[in-house]
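Trainee: Could we go through this one together, starting with how the parts sit against each other?
Mentor: Gladly, have a look at it before we talk.

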Amino acid sequence: MDKIVIHGGNRLKGDVRVSGAKNSALPLLFATLLAPGVHRVSNVPNLRDIGTVEKLLTILGAEVRREGGVFTVDATRIASVEAPYDLVRTMRASVLVLGPLLARLGHARVSLPGGCAIGARPINLHLKGLEAMGAKITLDHGYVEAKARRLKGARIYLDFPTVGGTENLMMAAALAKGVTTLENAAAEPEIVELADAINCMGGKVRGAGTDTIVIEGVDELRPLGYAVMPDRIEAGTFMIAAAMTRGDVRVIGAVPAHQDALLGKLREAGVEVLVEEGAIRVRGPRKITSVNIKTQPYPGFPTDMQAQFMALMTLGNSTSIISENVFENRFMHVCELQRMGADIAIEGHTAAVRGVKSLLGAPVMATDLRASASLVLAGLAADNTTEISRIYHLDRGYERLEEKFNELGADIRRVSEVKEAVPAPLKVVGLAGDA
Ligand code: UD1
């Protein structure tokens, strides 16, 4: 298995370009299931999760071609309506096929994703919404099966503004008969982009980006042509890297309007943030000011930046209180940061991070995607060498991570972990008990 080795302490300087957003590319690629014909989605990042989408679309019968960041999906013939366990367990977002398959073909069978490292993550709200639209949902052998002759528009209140739930229901409602209103809907930029894409396909979606989304169903949609927006979480990760290394980095392609909560908190922490034409420039301060954050649905502080922001706060001048309000178990990085000298105490869903003078390199283990990113950030700022194992998590969400950081002056490389040779056990023949 590969690991990442970082010799920390270099100040990061220069320009880095943000890749296409993983969390937008995923629903956009699944939205191609809504209409027959040849779709084209560009600026798709080269990530493990995208590879999983490609496999899933292919299993369903679509013909997928990939040239660099451009995906061509011919979704004319969909031969299967089943998302199998093997794919859903490697990527939970696979449940996003539910809405489009049900809407277009009247039938979908999707493995239930089960829990994951950061929480239970049920899909009850996706199912409740589909039921309200007339779907018959059954559970069988770990699979959710949904059937409907044609979905009907409905008024749906989401108990929590779930991102995936909002996306699934928006796609389902796009082809339903009548009007669907989603209340307490998620308002993330990825939702706005999906609504825009559905409208480009001939759909009628209004209100995306607010808590009420109104979708007027249409009889059919046409193929999509769309370029994925820049990844706000990747962009934020580079900004924090600059802040932690007293660097000076221009994050090219970062969209300031998507980053209000993070930029506000960085400024509060004494980090210099300059919004330039087509880029955000970040200069790290001599000393970081400790600030508090609470993760919340958009436009609140993103849970996907919590681990990275915590890495920043480990070097703060006093104590920072970090509350995680979106997922119930998203502090897996804490123990690993502690191994690097961070002073963090957890109580329930709150962490108190007392700033230390410096972090010390150590062998650490990645536990989930964003937790891994926080360890990379800590390693970049730490003295000595940090070795991060289980980095397949990083490959789910960061494209060319080492290359991009090295171009900014970091010393980070990927090495193959060679298993130490274990001598074969001695075989003793003929003794009693040798079975
Ligand atoms: C998406 C993002 C993920 C991000 C998260 C929150 C993608 C591919 N992933 O995940 O990176 O961290 O939004 O911003 O876009 N919940 C329920 N019932 C449901 C659905 C969700 O209780 O039916 C709960 C979840 O357990 C969680 C919270 O709602 O505690 C938020 O989940 P949700 O917004 O659905 O996250 P995802 O769409 O899975």
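This is a predicted model: local features need pLDDT of at least 70, side-chain atom pairs count only at pLDDT 80 or more; totals for chains, interfaces and linings use all residues.

Trainee: Where do domain 1 and domain 2 run in the protein?
Mentor: The domain assignment gives 2-19 + 230-416 as domain 1, and 22-227 as domain 2.

Trainee: And how many residues are in contact between them?
Mentor: On the side of domain 1 there are 24 residues in contact with 19 residues of domain 2, and the area buried between the two domains is about 1800 Å², with carbon and sulfur atoms giving 56% of that area.

Trainee: How many salt bridges cross the interface?
Mentor: The rule finds 2 salt bridges between domain 1 and domain 2. Glu190 forms a salt bridge with Arg232, where the closest N and O atoms are 2.9 Å apart.

Trainee: Which elements give two or more residues to the side of domain 1 that touches domain 2?
Mentor: Those are helix H12 (369-381) and helix H13 (392-395), and by class that side of domain 1 has 8 nonpolar, 6 polar and 10 charged residues.

Trainee: Switching topic, what's the strand order in the open sheet?
Mentor: The order of its 4 strands is E6-E7-E9-E8, with mixed pairing.

Trainee: Why is one side of E6 and of E8 left without a neighbour?
Mentor: Strand E6 (82-83) and strand E8 (136-140) are at the edges and each has a single partner strand, so one side of each has no neighbour in the sheet.

Trainee: What about E7 and E9, parallel or antiparallel?
Mentor: Strand E7 (residues 107-111) pairs with strand E9 (residues 143-147) in the antiparallel sense over 5 bridges, and Ser111 stands opposite Tyr143 in E9.

Technical notes:
Residues are numbered from 1 along each chain as its sequence is written. Side-chain values use heavy atoms; hydrogens and water are left out. Domain bounds come from an automatic or database domain assignment. Contact means heavy atoms within 4.5 Å. Buried area is the accessible area (1.4 Å probe) that two parts lose on being put together, summed over both. A salt bridge is a side-chain nitrogen of Lys or Arg within 4 Å of a carboxyl oxygen of Asp or Glu. Ala, Val, Leu, Ile, Met, Phe, Trp, Tyr, Cys and Pro count as nonpolar, Asp, Glu, Lys and Arg as charged, and the others, Gly among them, as polar. Two strands pair if DSSP finds at least two bridges between them.
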